[in-house]
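Please inspect the sequence and the structure before reading the solutions.

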Amino acid sequence: MQGMMMQMPLRIIEILRYASEVHPEGEIVSVRTEGDIHRETYSEAYQRSAQLAHGLKGLGVGDGDRVATLAWNGYRHFELYYAISGMGAVCHTINPRLSAEQMLYIIGHAEDQVLFVDLTFVPILEALADHLPSGLKLVVMTDRAHMPESPLTLLCYEELLDGQPDTYDWPLVDENAASGLCYTSGTTGHPKGALYSHRSTVLHAFMVAIAVPKSLHEGARILPVVPMFHVNSWGLPYAAPLVGASLIMPGPRLDGVSLFDLMEVEQVTASWGVPTVWLGLRGEMAQRDAVPAQLEQLVVGGSAAARDMITFFEDKGIDVCHAWGMTEMSPIGTQAQLSRPMADLPEKTKIDYKCTQGRRVFGVDMKIVDETGARLPHDGTAVGELYVRGNAVISGYFNNEEASNAAMDAEGWFGTGDVASIDDKGFLSLQDRSKDLIKSGGEWISSIDLENMALAHPKVANCAVIAIAHPKWDERPLLVVVPVEVDDPPDLADIHEMMLEHVARWQLPDDMVLTDALPLTATGKVSKLTLRKTFGDHVLPDLAG
Ligand code: AMP
């Protein structure tokens with residue numbers, strides 16, 4: 001028997017319409033590329049999104065057309081999110097840190113009609129000018145006074161809105177219609193597109209709001225450091241207006257000093273970003289011996305958060321919520337907040353849990369499997385490849401049958417490429433990306449574990465562990481270290497001693513090399529691929545001579 005309830009499609013624009021009515025005072029504060037700070041309320045954002053939708057229509061954008069953005073976190077980018085999806089088109093966010101070749105590939109693959117670009121990134125387009133599709137319209141996200149001189153034909157964002165009506169007859173799009181597109185910045189092969197729908201995006205906003213209430217509640221002031229060009233800023237541009245939290249958009253200034261200052265001035269209560277960013281904030285907090293006054297929570301994900309970093313912030317009274325997810329999952333899959341009964345656990349045990357990737361959010365199911373695809377127990381010991389399914393998980397890649405087939409198993413679960421264990425309470429512990437694990441003499445060594453331990457050494461500013469080919473053991477770990485002081489590097493024997501408290505002797509890194517900085521991928525993660533290329537020929541001590 002069918003229920004007898006109305007069928008209202010879940011639509012992204014409804015989030016902003018709701019915020020504009022129920023949380024009209026919620027605001028978007030943006031550090032602009034023009035250099036100043038801009039403020040607008042959700043009501044104003046809703047009206048300007050309507051004006052923008054009229055402007056887009058004027059440019060010929062229709063149902064299902066892809067409209068791309070190349071932009072920092074800011075109010076115009078926010079308006080684009082809602083106007084593009086709201087009118088039935090697809091918002092394709094492009095990561096400006098991609099290589100020119102990858103960027104051209106995805107613009108072509110997505111068949112973008114219009115590309116909106118922040119002032120900062122106009123030079124990127126100028127460099128690509130000869131290779132851009134001829135019909136692609138370019139709009140600079142600024143006003144007439146700031147329009148750059150350029151050999152390209154550039155339209156002006158504010159002129160597109162000028163004089164347009166501030167209401168729009170938003171179409172009743174099918175909730176399963178595509179709304180957004182984000183390519184994974186895979187380090188090998190071509191990027192692959194995750195094509196989000198209105199339904200998955202709205203449900204994901206609910207899932208995130210329910211999962212991380214300490215960040216997401218009415219009156220909260222959230223600073224998304226995680227960029228809007230990478231997996232929709234982890235859903236914050238949708239979840240924040242939904243609950244009535246304000247968004248403090250940092251624009252291009254993401255260093256520790258700028259973030260600390262912005263947090264102070266704008267009374268930021270929560271901030272979300274990758275570990276590298278929190279290293280910067282941590283340095284600034286240590287330097288000033290101060291804590292941003294209103295800051296209650298940092299959400300950290302994208303790469304493993306080191307224990308040392310978690311304890312630093314927790315000791316300062318800031319709650320650290322470790323989260324895991326993927327572009328293909330919209331992206332949040334798990335988060336490691338402790339439930340109320342866990343508050344009485346010993347401090348060390350609580351931090352142990354906070355160091356895991358946490359428990360699934362509503363709408364995500366997880367399983368770990370062995371090489372044959374057989375399920376492994378969730379006992380905290382068995383380690384296998386992690387598969388997921390859920391309301392906001394991709395069912396395949398956009399126009400890429402081969403990659404889609406490779407990613408999904410026979411039961412329709414998505415293979416994450418991560419290797420993990422899950423304990424009996426449901427806490428996920430990621431061991432590694434399957435390609436980053438080190439296989440030594442048939443046994444696995446987790447590079448993440450070794451990195452975490454090395455990071456606790458006071459002379460190690462940052463580090464990475466990679467596999468080096470070995471004739472006897474197949475692979476052995478090499479520790480690549482950025483020292484705190486170039487003239488006073490850490491001693492490998494000291495690091496070994498610290499590690500031996502946690503791992504077996506055969507798991508210790510065979511050697512250490514020093515470097516000035518670790519190479520980063522387009523999404524700010526350490527690029528192990530680049531490190532493997534750079535140090536692939538490194539001769540380990542037992543093989544030298
Ligand atoms: P992306 O699609 O670029 O967001 O990358 C997703 C991948 O980042 C995951 O499959 C993991 O390998 C890694 N990742 C994300 N969050 C975490 C985390 N909290 N700890 C360790 N790795 C993570």
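**Exercise 1: The ligand shell**

The shell around the ligand is made up of five nonpolar, seven polar and three charged residues (Ala, Val, Leu, Ile, Met, Phe, Trp, Tyr, Cys and Pro count as nonpolar, Asp, Glu, Lys and Arg as charged, and the others, Gly among them, as polar). The model is predicted: local features need pLDDT of at least 70 and side-chain atom pairs pLDDT 80 or more, while totals for chains, interfaces and linings use all residues. Residues are numbered from 1 along each chain as its sequence is written, and side-chain values use heavy atoms, leaving out hydrogens and water.

Task: Determine which strand gives the most to the shell around the ligand, and where the ligand lies relative to domain 1 and domain 2.

Solution. Step 1: Strand S14 (319-325) and strand S20 (428-433) each supply at least two shell residues; strands are DSSP runs (E, at least two residues), numbered from the N terminus. Step 2: S14 gives the most, with four residues. Step 3: Domain 1 (13-354) and domain 2 (366-433) both contribute to the shell, so the ligand lies between them; the bounds come from an automatic or database domain assignment.

**Exercise 2: Polar atoms at the ligand**

Task: State how far polar side-chain atoms of Asp418 and Arg433 lie from an oxygen atom of the ligand.

Solution. Step 1: For Asp418 the distance is 2.6 Å. Step 2: For Arg433 the distance is 2.8 Å.

Methods:
A polar contact is a pair of N or O atoms within 3.5 Å; within protein, one must be able to donate a hydrogen and the other to accept it, and residues adjacent in sequence count only if both atoms are side-chain atoms.
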